[in-house]
Amino acid sequence: FFSGFTFFVMKQEFCHWMELRMDFLGREVRNIDPQHHFSLIVENIPLQLRSDSALYEYFERLFPGKIHSASVILNLPTLEALEAHRLRVIKKLEKNIAIYHTTEKRPSRIIGKLKPSPFGLHMEIPTTSFFPSCRKHVGEGEFVLVEGAYPPPGTLVDLI
């Protein structure tokens, strides 16, 4: 009995929702963009159609006069990874600037990390170079700017 009652109520609610939806779609509201009424998601688009204009022209040939607009959302994993890296660098920079303002000493660290090897420890440099220029430590609290250079392992560099 309970299952039958549940299906009856669900059917009544669906019929009510369909009436409201058809009423909404049938109204001529001038301030609402037609794209909000009828949208379609298309996946696995061929490479030659992955631009807004090419996709619009393709669908306009298939359905003349019936297409409002076409928008292609691109999958950009490389850009997303670079943006995530950028946010990490900004967070580290802001932290180091806060340390500098608190202690009045420029934060620094030694580039490269020690990794165990069969013959002892050796320094490993990260594979990506994000140092367009770096400051090399030359003395107590003194750094020299080296343009376009990635510091060798074991070098004390300025973090700001």
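R86 is partly exposed, at a relative accessible area of 44%, where buried means under 20%, exposed over 50% and partly exposed anything in between (1.4 Å probe, protein chains only). Its partner is E83: the two side chains meet in a salt bridge, 3.3 Å from N to O. The term stands for a side-chain nitrogen of Lys or Arg within 4 Å of a carboxyl oxygen of Asp or Glu, and by this rule the count comes to one salt bridge. E83, too, counts as partly exposed, with 36% relative accessibility. Because E83 and R86 sit three residues apart in helix α3, about one helical turn separates them.

A word on the ground rules. The model is a predicted one, so local features need pLDDT of at least 70 and side-chain atom pairs count only at pLDDT 80 or more, while totals for chains, interfaces and linings use all residues. Residues are numbered from 1 along each chain as its sequence is written, and side-chain values use heavy atoms, with hydrogens and water left out.

Now for the overall layout. The chain comes to three helices and six strands, and from the N terminus on the order is α-α-α-β-β-β-β-β-β. Both kinds of element are DSSP runs numbered from the N terminus, with helices (H or I) needing at least four residues and strands (E) at least two. Of the 160 residues of the chain, 12% count as buried.

Helix α3 covers residues 77-103. With its 27 residues, α3 reaches 39 Å from the first C-alpha to the last, close to the 39 Å expected at 1.5 Å a residue; the expected span is 1.5 Å times one less than the number of residues. K95 also belongs to α3 and is exposed, with a relative accessible area of 56%. Along the sequence K95 and L159 are 64 residues apart, yet in space their C-alpha atoms are 9.9 Å apart.

What follows α3? The helix gives way to E104, whose phi is positive, near 60°. E104 is a residue other than glycine, lies in the loop between α3 and β1 (108-110), and is exposed at 68% relative accessible area. N44 lies in the loop between α1 and α2 (52-62) and, at 75% relative accessibility, counts as exposed.

R106 is found in the loop between α3 and β1, where it counts as partly exposed at 33% relative accessibility. R106 lies over the face of Y100, 5.6 Å from the ring centre. For a charge to sit over a ring, NZ of Lys or CZ of Arg has to be within 6 Å of the ring centre and within 35 degrees of the ring normal.

Next, the aromatic rings. Searching the whole structure turns up two aromatic pairs. One of them joins Y58 and F59 in an edge-to-face arrangement, 5.5 Å centre to centre with 70° between the planes. Rings of Phe, Tyr and Trp (its six-membered ring) pair if their centres lie within 6.5 Å, and planes under 30 degrees apart count as stacked, over 60 as edge-to-face and the rest as tilted. Y58 is partly exposed at 32% relative accessibility, whereas F59 is buried, with a relative accessible area of 17%.

Finally, the surface carries a nonpolar patch made of F1, F5, F8 and V9, with about 490 Å² of accessible area together. Patches are built from residues with over 30% relative accessible area and no salt bridge, joining like charges within 9 Å and nonpolar side chains (Val, Leu, Ile, Met, Phe, Trp, Tyr) within 5 Å. The areas come from the Shrake-Rupley method with a 1.4 Å probe, and for residues only the protein chains shown count as cover. F5, one of the patch members, is found in helix α1 (residues 2-26) and is partly exposed, with a relative accessible area of 45%.
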